[in-house]
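Subject: Structure handover

Hello,

Here is the structure you will be working with. Please open it beside this message, as the notes after it go through what was found.

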Amino acid sequence: MVKLSQEEEEIVKLVGSFVNGRVRRVARELEHANTYPEDLIEQMKTMGVFGLNIPRPYGEFGVSTQCYALVTEELARGWMSLAGAFGGHSVVSMLILRFGTDEQRARYLPRMATGELRATMALTEPGGGSDLQALRTIACPDGGQWVVNGAKTWITNARRSDLIALLCKTDPAADPPHRGISILLAGKGPGLTISRDLPKLGYKGVESCELFFDDFRVPADAVLGGQPGRGFGQMMAGLEVGRIQVACRAVGVARAAFDDALRYAKERHSFGKAIWRHQSVGNYLADMATNIAAARQLCLHAAARFDSGERADLEAGMAKLFASEMAATVTLNAIRIHGGYGYSTEFDVERYFRDAPLMIVGEGTNEIQRNVIVRQLVARGDPLAPVG
């Protein structure tokens, strides 16, 4: 069940109108040219999108995670890259809001709320993937600073973000390893090299980069929350929001594919009738709509669980797993319904089809999601009970 305030409903409608009026008419051209959507990002800043989950006194909104989820869906419906452009930023703002010191909140959140300061997460390492405890990026204390050496990859918005939430080992000898992991809130400076933009199947227009740290120095007070060794638990909480966000991106992409497929099925005629009246096409549409609606409910359930303060990794994992697999199927079936036109770059369904796989592998692969889900199914007393 969606529980939005009137103001939150208006925010979702405003973003939907922005998508319909501004995004959809330019997304295809920008995506095919792999052009960064500067004008659209600036409009998102003006609308307050980058500060949606930052409450007063640091921001203007502080919306519920359900509202945040539906805004993400709307942006992804227009162009998934836009949802990605603010996704990592919003997770970093949540981390600072929940775990940061008073000084860190005051330093970063007001500028993050306006979009003046853009943030990104740096988790994934070459050869590391979803195994976050196997980090090779090391930060060593030295004269009131941390000296960082290592590498990160697939870092979204790396060139345009001036704040990096860097997951690294501050105590490589810690046992168990997660007790030696911290998050450093780092700006850019000497010793940080953004080497290249990685070529991608989809998710165009927004850069995903390799980062190299060579004696990169950050202040001692850059540790999120002020105490080293708590980064792994902090990032796990961040990933709950991140996985909800990725799941909502999948719902948005699937919804765009469904909308295009339904419109085409009503307009296209064969054998004397609109093709939706052919049972095989009609069945595709029925299944697509049913699965999109189910995925959205999983996302909203996970969002409500997160806002309750309860651990939400089970719910976020389920939403991300189901929604991403659903989006891959729905976008393929949208191509089937379009026939040959679905394979043409003059129609948007091929873009949805290329964007969908990112949600399967991003923010922890779906194989990892299944591991998370089953561990929580075992750990919780009655995990599927309808009432707490």
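Arg243 sits in helix H6, which spans residues 231-267. Helices here are DSSP runs of H or I with at least four residues, strands are runs of E with at least two, and both are numbered from the N terminus. The model is a predicted one, in which local features need pLDDT of at least 70 and side-chain atom pairs count only at pLDDT 80 or more, while totals for chains, interfaces and linings use all residues. Residues are numbered from 1 along each chain as its sequence is written, and side-chain values use heavy atoms, with hydrogens and water left out.

Arg243 is buried but has no salt bridge. Buried means under 20% relative accessible area, exposed means over 50%, and partly exposed is in between (1.4 Å probe, protein chains only). A salt bridge is a side-chain nitrogen of Lys or Arg within 4 Å of a carboxyl oxygen of Asp or Glu. For charge, Lys and Arg count as positive and Asp and Glu as negative, while His and the chain ends are not counted. The nearest side chain of opposite charge to Arg243 is Glu363, 6.3 Å away. Leaving aside neighbours within four places in sequence, the contacts of Arg243 (heavy atoms within 4.5 Å) are Ala316, Lys320, Glu363, Gly364, Ile368, Gln369 and Val372.

Salt bridges

Side chains of opposite charge can pair when their charged atoms come close. The structure has 24 salt bridges. One of them links Arg56 to Glu60, with 3.3 Å between the closest N and O atoms. Arg56 is exposed, at a relative accessible area of 60%. Arg56 is also joined to Pro57 by a cis peptide bond, with omega about 10°. Pro57 is in the loop between helix H2 (38-47) and H3.

Glu74 has a salt bridge with Arg77, at 2.7 Å from N to O. Both residues belong to helix H3 (residues 65-78), and because they are three residues apart there, about one helical turn separates them. Arg77 is buried, with 7% relative accessible area, and Glu74 is buried too, at 10%. Glu74 also forms a salt bridge with Arg255, at 3.1 Å from N to O. Since Glu74 is in helix H3 and Arg255 in helix H6, this pair ties together parts that are 181 residues apart in sequence. Through shared partners, salt bridges join Glu73, Glu74, Arg77, Arg255 and Arg296 into one network.

Helices H3 and H7

How do the axes of H3 and H7 cross? The axes of H3 and helix H7 (residues 279-307) come within 8 Å and cross at roughly 145°. Axes are lines fitted to C-alpha atoms, for helices over the stretch in contact, and the angles run from 0 to 180 degrees between N-to-C directions. From H3, the residues Thr65, Gln66, Leu70 and Glu73 meet Arg296, Leu300, Ala303, Ala304, Phe306 and Asp307 of H7. By class, this contact of H3 with H7 has five nonpolar, two polar and three charged residues. Ala, Val, Leu, Ile, Met, Phe, Trp, Tyr, Cys and Pro count as nonpolar, Asp, Glu, Lys and Arg as charged, and the others, Gly among them, as polar.

Backbone details

A cis peptide bond also joins Asp175 and Pro176, with omega about 0°. Pro176 is in the loop between strand S4 (163-169) and strand S5 (181-186).

Trp154 has a phi near 60°, a positive value in a residue other than glycine. Trp154 lies in strand S3 (residues 145-156) and is partly exposed, with a relative accessible area of 47%. Tyr203 is not a glycine either, and its phi is positive at about 55°. Tyr203 is in the loop between S6 and S7 and is buried, at 6% relative accessible area.

Two more residues

Is Pro199 buried or exposed? Pro199 counts as exposed, at 66% relative accessibility. Pro199 is in the loop between strand S6 (192-197) and strand S7 (208-219).

Ala356 is in helix H9 (residues 349-361) and is buried, with a relative accessible area of 0%. Not counting residues up to four places away in sequence, Ala356 touches Ala327, Ala328 and Thr331.

Regards
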